[in-house]
Amino acid sequence: MLAYIIRRLLYAIPILIGVNLLTFTLFFVVNTPDDMARMQLGIKRVTPEAIQKWKAERGYDKPLLYNGTAEGAGKITRTIFFEKSVKLFVFDFGRADDGRDIGHEIRMRMGPSLAIAVPAFILGLFVTISFALLLAFFRATYLDFWGVVMCVAMMSISSLFYIIGGQYLVSKVWHLVPISGYAGGLDAGRFLLLPVLISVVAGIGSSTRWYRTIFLEEIGKDYVRTARAKGLSEMAVLFRHVLKNAMIPILTGAVVVIPLLFMGSLLIESFFGIPGLGSYTIDAINAQDFAVVRSMVFIGSVLYIAGLLLTDLSYTLVDPRVRLQ
Amino acid sequence: MSLLRVESLQTSLAGAAGVVRAVDDVTFEVAAGETFALLGESGCGKSMTALSLMRLLPDAGSIVGGRVLLGGRDLLALSESEMREVRGSELAMIFQEPATSLNPVLSVGEQIVEVLERHASINGTAARRRALELVAAVGIPDPERRLDEYPFQLSGGMKQRVMIAMALAGDPALLIADEPTTALDVTIQAQVLELLGQIQRSRGMGMLLITHDLGIVSQLAQRVGVMYAGELVEIADRAAFFASPKHPYSNKLFAALPRPERRGAMLETIPGSVPPLSAMFAGCRFAERCPSAWARCRDEGPAWHTAGESHAVRCHLFDPTAPDEEGSSRITAASPLQVTDKETPPPQADTSLLEVSDLKVHFPIRQGVFKRVVGQVKAVDGVSLRLTLGRTLALVGESGCGKTTVGKAILQLLQPSGGNVRFAGEELTSLSPARLRALRADMQIVFQDPYGSLDPRMRVGDIIEEGMAALGTASGLAVRDRQIDEMMARVGLSSEMRGRYPHEFSGGQRQRIAIARALAVAPRLLVCDEPTSALDVSVQAQILNLLKELQATLGLAYLFITHNIGVVEYLAHEVAVMYLGRIVERGGVREILNDPKHPYTEALLSAVPRLDADSGRPVIVLKGDMPSPARPPAGCHFHPRCPRAMPQCSVGYPAETQLGGGRSVCCYLYEQIRS
Amino acid sequence: MPIILWTDALVFLLVACAIGAGFYVNRREYLLASWRRVGESRAGMASLTVLAAFIAVGLLDSLHYRPRLDDVPGRTTANGYGSEVRSALDALLQPLRSGTEKTYSAPLATHLYAKETVELPDGSQTRVFPRLQHGGAHLENPEQDWGKDVAARTVQGLALAVLAALTFSAIVVQAAALRWGLGWQATWRRIWRGETQFAWNAVLAALAVLMLLAGPVISLAGGYHVFGTDKVGQDVLYLTLKSIRTGLVIGTITTLSMLPFAVALGIVAGYRGGWIDDLIQYLYTTLNSIPSVLLIAASVLMVQVAIDTHPDWFATAAQRADARLLALCLILGVTSWTGLCRLLRAETLKLRELEYVQAAQAFGASASRIMGRHILPNVMHIVLIAVVMDFSGLVLAEAVLSYIGIGVDPSTISFGTMINTARLELAREPVVWWSLIAAFAFMFVLVLAANLFSDAVRDAFDPRVAGRRVAAVAQEKAA
C-alpha cells in the first residue's frame, strides 16, 4: 500500500514535468515574448523599445533555456524556463500582469470556490443517485421511460441556459435571492443558494442516466439472482446488494473530481460574480494574463493527479477485492 | 405424497426471433428425501424449469401455464411476497457459477446471516454461531476465519460450498442444484458431489439436480428425467435407466459418450441439431434426428407410455396399441458400431516429430516501489514430452496446472523461460523470426472456445484462407480457392457456407471451421486445446470422430490438452498427467488409465463420475485445492493433498522413475521399489 | 469565384468518408444488421430526419464563393471579385441577410423595439417607435392589417406544408407499395402502424412536423423578421441558420481530426504493450491532467496571438475566421482524444487475449496485419459510438467556450456568439428575449436529435446493451 502510494507519487513527477514542458512550449516557444508584448501593446505602432520595456518589466527579457551571460548557476536559473516554469514546482507562482501576487490571490479565492463547489458536489451526488435508484427500482415501467426521456432532454439543454434562465426567473422575476455577488460569513448563504441549485440541476440529466445504466448492469448480474433466491424483497436486493456494488464505479468516478473542486466553476462563478478561482481564471483568460493561466494549469494538473491517487485509494475502501501493490 | 409436483409447466421466453417455448408441458414429481435428476443438453430447458419453480425467470421469461405444488401448495398461485417467504426457506437453489453467484462486496458471513435473519428470525451472535455451524457443516476448514472473508478470497470449490451453506441456512425441504459442479475441476467436483449426497441423505431433503453429465446422475440421483427440446421424454428409476434407456434420444446420448470400449470405432452421433423452440411442433420433437422414426412420429406427438416398472417414455415405439408392423424398426440398444480404424502401429523410435525437454514458462511477480521482481509464477516448470507422427499425446490436468501454457509455449506463442523445443529437428526456442514463420505451417492449434476462436468480423472463407495468405502456402487465387473448398468438405461443411459469418453457425460447426483453418496450411502437429469441452456430448462425438478420421488419413500428430478422461480414453495413445506445472506421470494410455501409479493420477481417475456408480469402485476424494503456482509447496507439489504422503515427500521433489514400457512416474513410492 | 475554405474541404472529406463507409457497410452483413437495428428505432429515425435537415442547411452553408464585383457594390480587390465570402445559403437567404434594421425589433414586428427621436415634417421632434425598413414594410396600415396578414401568411404556409408532407408521404408509400407488391391502402396501414422493419412512420411523422414548422416560417419570412432582429438589426432567423454550420463543423471535424490518433495509438498501446504502451499512456495521462478548459484556453489564446500578429496570412476576413474555427476544432480534438484512446487500449488488451488473435499469431501473421484485420474491425463499434456520442457534447461545448471568449472568432456566427451577445439584453427593460431563445431552441433541437440518434446507434452496436434490449422487447410484448 505504502509502496504503491510512493510509486504513484514518483510517477506524478514526469507527468508534471510533461505538463510544464507543454505549457512552456505553448507560451514561450510557439508565441515568443515579443509576440505577447506586441499583442498586449497593440499590434500596430509598436516600437522595439516599448517591447523591450514591456518584457523587462515582467521578466520576459531573459533567454529561454540557457543564459550565457550570467554567472555560475545563474546560467540556468536566470532564464525564462527556470523563473516562469520550474518555480511552479515549489508553488511559487510569481506575479500577475497587474502586479498582484498570484499565490496570495489563489489562497484568497479558494474559499468562495469551495463554498459553491462542495455543496453542489455533495447535493448533486445525492440527488442523482436517488433519482437513478428510483428509475432502477421502477425499471421497464412508464415512470422509468419518461424519467429517461426527461434525462435526455435535460442533458440536451445548454448549461448556459440553466444559468441564464435560473438567474432570470429566480432573481429577476421572483426576486428571491440576489442576482449576483458574494459576502463572507453567514450572509454567503443567500448568494450561494442559486448557484448551487443551478449546478445541481444542470448535472441531473447526464448523471442520472449514467448511474441508472450502472444500476441496471448490476441488477442483471448473477449474485442478484442469488439474493432473490434467498427470498429477499426487491428493496432489500436493491439497497443491500445492488447499491453496494454499484457504488464502486459511482464513488470512484466521483472521487476523481474532488480535488478539482478547488478550481471552482468557471461559468457559475463568473455569472454570479463570485470571487473564486473559476472567475479568476476567466478574468485572466479575457485579460490574456498568461502568468495566471499558467499557474492555474499547473495547479489543475497537480489536483488531477491527486484525484487519480485518491480514486485508487478509495477503491480499497469500497471494494474488498482491491489490494494496491 | 410427493414433496414437489410439477404439472404441465409451460414457460416461454420472448426473444428476438419470436416467442421461444423453453419449457413445454413438463410434469414430474420429487419425493421427500429423493434426488431427482433432470438430464439434458444445453438449451433443452432444464435450467428454465428450475428457475420457473423458483419464479426467478429472467425479465424475458414468463410462466404460461401449469402448476407447481410444493407440499400441496401451488407456488404459481402465490403472491410475490408469499413466494418470497418460500424462496430460501422451503425451496433453495444453488447455481452453476459460484464465482459470479456470490455478492463480491459482502463477506461470506454476511451473506449467510442474511438468510438466517430473513427466514429463521435469528440475528446477532446467535446468527453468527449458526452461520459458523453451517460453514463447518459444508466442510470449509477454519470456519471462524472464512466467515469474515470475501468470496474472492475463496477457491471455486469453496465458493460452491458457501452457496450450499447459504441454501441450507433456511433449512429447505427441497434443494434445486443447477449444474452445481460444471464450473469445477474433477477432483473438486468429487468433493462437492460427495458433500451434496451426504447432506441430502442426512437431512432427508428432496433434491432436484439439473445436469448434463450422465456420470453425475448415476452417482447422485435416485430417479432421472431426460429433457429434449423443452419436453421431458423419459422418466425412470436410476437403475432401470442405466440398465436400459428406452427413448431413442437417451440411447443416443449413451452411445455418444467416448469410452474405452469404443476405441478404434467411430462414436455414435446424432445427425442434425435441436429444432428451434420458437417453432410449432406437430409430431415428436426428436423425429427429424431419430433413427427409428416413421411417418406417425412426424404427424402426431407421442403420449407417455410405460416401459417397465417406474419407467415411462414419451415415444410411439412404446405405444402398446401400435400396430405390430412398426415394431420391426424398434431399437432398444445402440446400433452396432462400425469399425473403421485399426490401431495405428506403434511408432518407431526415430520418427519423433516433437521433443520438448525441461520446458519452463515463468511469469515474474513484481512488487514494491520500483516493481522489482520478487518471485516467479512457475506456470510450467520443467516439462518434457515426446510426440511422433500419427500419434496422440494427451496432456491431462486440472485448470491452473499449466497444460494450456505448455501448448502455447511449444508453438512459441509464449516465450519459454527455459528448456528446449525441438520440432522436426529444429530448435524452436532459438530460431530467427523468419525461420520460425516458415515452420508455423507445420504446427497449428485448435482452441477451446468455439465462440472466441473465430473472428466475428470475417467470413468463413476468409478465416480459412487466413493461414494460407499469411504463410503463403498456396500461391495463386484459383489454387487457394480450390483448397478452401477442399478443406470445408474435409471437415464436413459445404462450400456454400464460405460467405457466411461465424455467428450463423452452431458451436460444433464453428469448431469444424477452426479445424479447417488449422488444416488449411497442412500442418503435421496439431495442438488441440480442450477442443470439445464447450460442446454437448452429441456434438463432442462428431468432433472426436472428425479428429480421429483426420489423423488416420493425414497422419497428423496431436497434442491433446484436456481434463476429460473419457476423451483421453477414446482418442489418446499416450498420456502425460500434469500437476502444478510439472508432469507427474506418463505412459501408454491403457497402462495409465487401467493402472495409475501416481497417487494424483489415481485420485483424478477415481474422481470422474462413472456410469456404473454402484460398482463399488471407491472414489478417492482429495483434500483441499490445488496450491497456487506462485507458492508451490516444498518437496513434492502434491504431498499436502496426497493420501499416501511420507515424511520425505515434504523435503525434496521426487526424481522421475522409469517403470519400463515407456512409463515413468515422479513419486517416492516407486523410487523405493526400484532401489 | 468558388472558394474552398479549410473547414469546407474537411466537411466534404467527411461526406466522402460517409459515402465510402456506406459502401463498405453495404457489403458486410454483420454491419448491415446493426444498422438495420438503428433503422428500426423510431426515436433514432425521427431524430435522424431532424439531423438531416440540419445537415442540409450546414452543407448549403459550406459551398462558399466570392461574388463578382458588379454584384456587390462595395469593397473591391485586384482580381475583380469582392473580398466578401458568401455561401450558397447566403444566396438563398439573400432577403434575410440584407434586410437589416437599425436595431432590435421583436419577432414579426413592424416597428423598432426602441423609441427614437424623429423629426416631424413640421420641424418638431417626437419620440416614437419607427417603422421597420423591411419587416412588415409591405403593409400600408400596420395597426389594422398586421393580424390579418400574419394569419393569412401562416395559413398559406401551413397549407403548403401539408401539401408538401402529403406529396412526400405519397411518394414513399407508392415506392413501398411497388416494392412490396401491396395495395396502396395496405401499404399505408403497414407504414402507419409501424409494421415495417425500417421506422418509416417515424421518418414521415418527423418530416411532417418539420414541414409544418418550416412552412409558416418560410411564408412569414417573406415579409417579416420571424425571430426579430438583434442589436445591430440583423435578422435572428438568419443568424440561427448560419449558426448551424458552425455547430456541425465543431461537432464533426473535431472528432475527425482526433480519430486517427486515438484509434492508432489506442490499438498500438494495447496490442504492443511494453514501453510503447508506457509512452502512450504517459502521453495521454499528461494531456488529461491539464484541465481541458485551461488547455483549450491556453491553446486558443496562442492561436489568437499567432493569427493577430500575422494578418498577412489570410486574404479575407472569412478565411481568418475559418482558420480560427479549424484551430478550435483541432484543439478540442487534442484535448478529447484521450478518452477514446483509453477505451480502445482497454478493449485491445481484451481482444489480444482472444483465441482468434492467437490463431493468427500461430500463422505467424505480422503485428500490423493482426491489428488491421482482427483488432480494428472489432473495435470499430466503439469508435462509432464514441463519435456519435461526442457530437452533442461538442456542440454544447462550443457555446460555453465562445461565451468564455475562447471559442470561435467573434465574427463567426455561432450559437455561442449569439448567446454571448444576447445575454446582456436580459438586463434590458423590457426584456429582449428572442435571440437568446432562438439560439437556445435551435441548439436544444440539434443536441436532442443528436443524443437520441446516438442512443439508437449505441443500442444497436453495443453488444452489452443488445442483451438488455431483447429483455426490454420481451417485457413490452409480455405487458
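This is a predicted model: local features need pLDDT of at least 70, side-chain atom pairs count only at pLDDT 80 or more; totals for chains, interfaces and linings use all residues.
Contact here means heavy atoms within 4.5 Å, and angles between axes run from 0 to 180 degrees between N-to-C directions. Helix α13 (residues 403–410) of chain B lies across β13, β14 and β16 of chain B, and the helix runs at about 115° to β13(B).

In chain B, four strands form an open sheet in the order β14-β13-β16-β17, with antiparallel pairing. Because β14 (372–388) and β17 of chain B stand at the edges with a single partner strand each, one side of each has no neighbour in the sheet. Strands of a sheet pair through backbone hydrogen bonds, and the pairing may be parallel or antiparallel. Five bridges connect strand β13 (residues 352–367) of chain B with strand β16 (residues 418–423) of chain B, in the antiparallel sense. One of the residues involved is Leu354(B), whose bridge partner in β16(B) is Phe423(B). On to the next pair: β16(B) and strand β17 (residues 426–427) of chain B run antiparallel and are joined by two bridges. Here Arg422(B) stands opposite Glu427(B) of β17(B). The hairpin of β16(B) and β17(B) has two residues between the strands, and in this hairpin Ala424(B) takes a positive phi near 50°.

Salt bridges come next. Over all chains, the count comes to 65 salt bridges. Among them is the pair of Glu231(B) and Arg314(B), with the closest N and O atoms 3.4 Å apart. This pair links distant parts of the chain, since Glu231(B) belongs to strand β10 (residues 231–237) of chain B and Arg314(B) to strand β12 (residues 311–314) of chain B, 83 residues apart.

We can now turn to the places where chains meet. The size of an interface is often given as the accessible area lost when the parts come together. Between chain A and chain C, about 4,100 Å² is buried, and carbon and sulfur atoms give 74% of this area. The contact involves 47 residues of chain A and 49 residues of chain C. One salt bridge is counted between the two chains: the side chains of Arg209(A) and Asp455(C) meet at 2.6 Å, N to O. Four residue pairs are in polar contact between chain A and chain C (both at pLDDT 80 or more). On the side of chain A that touches chain C, the elements giving two or more residues include α1 (2–30), α9 (188–219) and α14 (290–318) of chain A. With nine residues, α14(A) gives the most to this side. By class, this side of chain A has 31 nonpolar, 12 polar and four charged residues.

How many residues of chain C are in contact with chain B? The number is 26, and they meet 31 residues of chain B. The area buried between these chains is about 2,600 Å², with 58% given by carbon and sulfur atoms. In chain C, Tyr30(C), Glu355(C) and Phe363(C) lose the most area to chain B, together 29% of what that side buries. The count of salt bridges between chain C and chain B is zero, whereas 11 residue pairs are in polar contact across this interface (both at pLDDT 80 or more). The elements of chain C that give two or more residues to the side touching chain B are α2 (29–40), α13 (355–362), α14 (367–404) and α17 (463–478). The largest share of this side, seven residues, comes from α13(C). The residues here divide into 12 nonpolar, seven polar and seven charged.

Conventions: Residues are numbered from 1 along each chain as its sequence is written. Chains are lettered from A and ligands numbered from 1 in the order in which they are written. Side-chain values use heavy atoms; hydrogens and water are left out. Two strands pair if DSSP finds at least two bridges between them. Buried area is the accessible area (1.4 Å probe) that two parts lose on being put together, summed over both. A salt bridge is a side-chain nitrogen of Lys or Arg within 4 Å of a carboxyl oxygen of Asp or Glu. A polar contact is a pair of N or O atoms within 3.5 Å; within protein, one must be able to donate a hydrogen and the other to accept it, and residues adjacent in sequence count only if both atoms are side-chain atoms. Ala, Val, Leu, Ile, Met, Phe, Trp, Tyr, Cys and Pro count as nonpolar, Asp, Glu, Lys and Arg as charged, and the others, Gly among them, as polar.
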